[in-house]
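Subject: Structure handover

Hi there,

Here is the structure I promised to pass on.

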Amino acid sequence: MPHNSHGGNIHSLHKWCGQPDQPILDFSANINPLGPPPWLRQCLWDSTEQILHYPEPEAAPVLDSAAATYGVARENILAGNGSTEILYLLPRILDYDRALIPVPSYVDYETVSRLCGLTVERLFLDPGEDFRLEPSLLQERLDRPALVFLGRPNNPTGLTFSARQLRDLARDNPRSFFAVDEAFADFVPGLDRLYRDIPSNVLVLLSLTKFYALPGLRSGLAIGSRDVITELARHLPPWSVNALAQAVSSRALRDREYAEATRERVPRLRRELADNLQRLPGVRVFPGEANYLLCRLEGSHPDAFALQKELLAQNIAVRTCADYPGLDESYFRVAVRPEPENDELLRALREVLITGTAGTRPGSAAQRGPGRSPVKTPALMFQGTSSNAGKSVLAAALCRILFQDGYRVAPFKAQNMSLNSFVTLDGGEMGRAQVLQAQACKLEPSVLMNPVLLKPSTDTGSQVIVHGRPVRNMEVQAYIQYKQEAGKRAREAYDTLAAESDVIVLEGAGSPAEINLKAHDLTNMAMAGYSRANVFLVGDIDRGGVFASFVGTMSLLDKWERDLTAGFVINRFRGKESLLAPAIEETERVTGKPVLGTIPYISDLGLPEEDSVSFKADRGDRSGEDDAAVVLGCLDLPHISNFTDIDPLLQEPDVAVRIVRSTRDLDPPPDGLVIPGSKNVMADMARMEDSGLGRAIRELVQRERTVLVGICGGFQMLGHSVADPWGLESPDRETLSGLGLLPLVTEMSRTKTLSQCRARHLTSDHELKGYEIHHGRTHIVGDDVVPAVRSESGEIIGYADPGGRVWGTYLHGVFDADDFRRWFIDGLRREKGLEPLGRPQTRYQLEDALDALADVVRDSLDMRAIYAMLERGSDS
């Protein structure tokens, strides 16, 4: 077993475990669970040129920052190579022959005292009083001068004591000297710090190592009287604090935001960990105020050395405390770590102390059994260097690959912002990207796969849908405040889904390195941390700059986020892969992460786009119209939704689809024009009229040049008016005129229609299948209209003019039906005097497309490495 008088000896721990390549969850070192400040890497990078010169001899930049932060004169502060350097120097400049040390306490107090020839007297603290120190207990031992070492908070107990009483004690005993170690005091909110109103015979030691999570950098301070600081400085070697440590320490001391975040989060994490540890049988948890907890094994449990051995077998390290005077082999100490790591410790302790099954950590839901944390299900996650990098499609591909290989796999995206939504069997609304991924897994789509859906309704607001049900419309700031609740609901959904699966394939959103969004991230690294996912960072090389985006993204991630990143995936590559070798080699060298695959550019995927990004990127190329028998226009509305309704038409060999954004795009007139759904019908109708498109569309219909089809919101626009009495889409609760092509009026309802639906197109008698998502209720106000689509329940969900040249329906997916789609296209062919083709020319069948996609991605990804990750995940 590794033995060291300090925790955190990661090298020794790795050597003992025999797995140097496996990460260790280190609860033996008391380091800030937030990790280093996010600016650390950039600060180090910016300071690299300073190593060409000797550092400032007295660490003046650090002293200046410390003086400003602590409100202490600069001459009362000393900087050292960690507070330990100053601690070891102190007895050498003071003329004492004995040291008084309340125990248990930091072992180096006694070590340095003996090295300097002092006799050590121990004041044993009472475990029945939780080892609490009252400064008055020291008074009876100070009948003769002594160097007194005190920890505040004490290590390993984590308790503080009254600063006022210590000041009084020091002033009452001027012949003694008090070294007060406040290495962990920054973690205690509202603590009366001793460096304020400090007596001349008190020296306060401060550590930047623990609070700022910089143990490898070594930086500490001492605050005391000018005489003591001057004498310590005389004995301190020059250039004690190196240039990089000076740069980082100076910046850290000025970072009040990080300090406040730490003092807000650590007490909550400590309380939660203490409560859960206390629930374990035979474990006593001592109250503490810092970022660690002292524990004792009681009853028939093995001692802490046996516990340490069992935990190390699972790559978890705790600090045994038998080498602390006043403690024995039943005591151990644990640091407060981030929530997922604390959960991992608790899981391992339960196995050791309750079930005796340490080391058996299966990942599948069936093996885990009831009550086990579903978060341990192995998880793989695609995140991107940008939006539209191909995350959704790659997630679908991996879902199909894992399904083909016998896994129970499910997709998950915590929050999706999309106007393309789908209605589940139970009437819940979710993003269509996760519907495709569910199909890749051969699963019925569930709102658990996309628990939070945002459907933008304005430039700064969205309808918020949680677990498939609308909550309300929210502006940006309102949603940021709601995000804590949204995150809770997302994690609940993930836990439920994970408990039923062998593997979860997660998808992120946008980029994990969006600096303005990271503080309230819900979908990217926050979810990766919760699920313990291996993150694959996807870059679109077809856009250019992919290697710079990989390196830049990694440089903006925090350490824990970089640790979760398993590697990179280059997407949409055209050309000879060997040409990428130098760039891949350099990227791997700079980031320390492998490129796990290069996916070729796949044209004509035959799959729905993940969002409107690609649709909006269309620049109106008409080159395909020359060879097409039929030209269909699709109106590009500012708030377009469910534009995938036209996807089946894109597969037809005799059809060209033209994106219509202005009146110029209607010349020459298309044979048919589709007005798709809209998330803000009111705004899009106003825009259509203001741009002249409304008038132009009416003229085309009146001249019988174009067949007009409206779907959902587009269907509502075909009528005389749309009213919004509840202000769902218009704050003024207005009524706007529609195109006036069908005698219909629509009124927005507070109740949203969400349902899957079978229906029949009455003119063709073809069966249809799709879903409805709308707030509006539409009614006839004239005679010049006939039913066009009837649901199987008998409800009319679509109307047409008597000639059938203008028609619309609430049914999304209307063109998915192969026979109806061909009937519709053949009607346009007849209009042009062309022979109808009769039979369907294509089958809108996603299964074949998913299998083909999976084949390409399987050949392009390092699946051996991915399966190794899954194997480690099921063992962890």
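Below is what turned up, from the whole chain down to single contacts.

Some ground rules first: this is a predicted model, in which local features need pLDDT of at least 70 and side-chain atom pairs count only at pLDDT 80 or more, while totals for chains, interfaces and linings use all residues. Residues are numbered from 1 along each chain as its sequence is written, and side-chain values use heavy atoms, with hydrogens and water left out.

The C-alpha atoms of the protein chain fill a box of roughly 115 × 55 × 50 Å along the principal axes. The protein chain has 29 helices and 38 strands (DSSP runs numbered from the N terminus: H or I of at least four residues for helices, E of at least two for strands). Of its 876 residues, 58% count as buried, meaning under 20% relative accessible area with a 1.4 Å probe, protein chains only. Among contacts (heavy atoms within 4.5 Å) between residues at least 6 apart in sequence, 72% join residues at least 24 apart.

The largest nonpolar core has 66 residues; a core here is a set of buried Ala, Val, Leu, Ile, Met, Phe, Trp, Tyr and Cys residues joined through side-chain atoms within 4.5 Å. Tyr70 is among the residues with the most contacts inside this core, and its partners include Leu206, Leu221 and Leu253. A second, separate core of 60 residues includes Phe643 and Cys757.

Tyr70 also belongs to helix 3 (residues 60–70), where the buried residues include Val62, Leu63 and Ala66. Strand 2, strand 7, strand 8 and helix 10 are among the elements that cover the buried residues of helix 3. Just after helix 3, Gly71 takes a positive phi of about 65 degrees.

Further along, the axes of helix 16 (residues 432–440) and helix 28 (residues 846–860) come within 10 Å and cross at roughly 80 degrees (axes are lines fitted to C-alpha atoms over the stretch in contact, with angles from 0 to 180 degrees between N-to-C directions). Helix 16 is therefore roughly perpendicular to helix 28, a label that covers 65 to 115 degrees. Leu436, Gln439 and Ala440 of helix 16 meet Leu846, Glu847 and Leu850 of helix 28.

Lastly, an open sheet of four strands runs in the order 9-10-13-12 with antiparallel pairing (strands pair if DSSP finds at least two bridges between them). Strands 9 and 12 are its edges. Strands 10 and 13 pair over five bridges, with Leu293 opposite Val334.

Best wishes

Terms used. Buried < 20%, exposed > 50% of the residue type's maximum accessible area, 1.4 Å probe, protein only. Parallel < 35°, antiparallel > 145°, perpendicular 65-115°, else oblique. Lists of a residue's contacts leave out its neighbours within four places in sequence.
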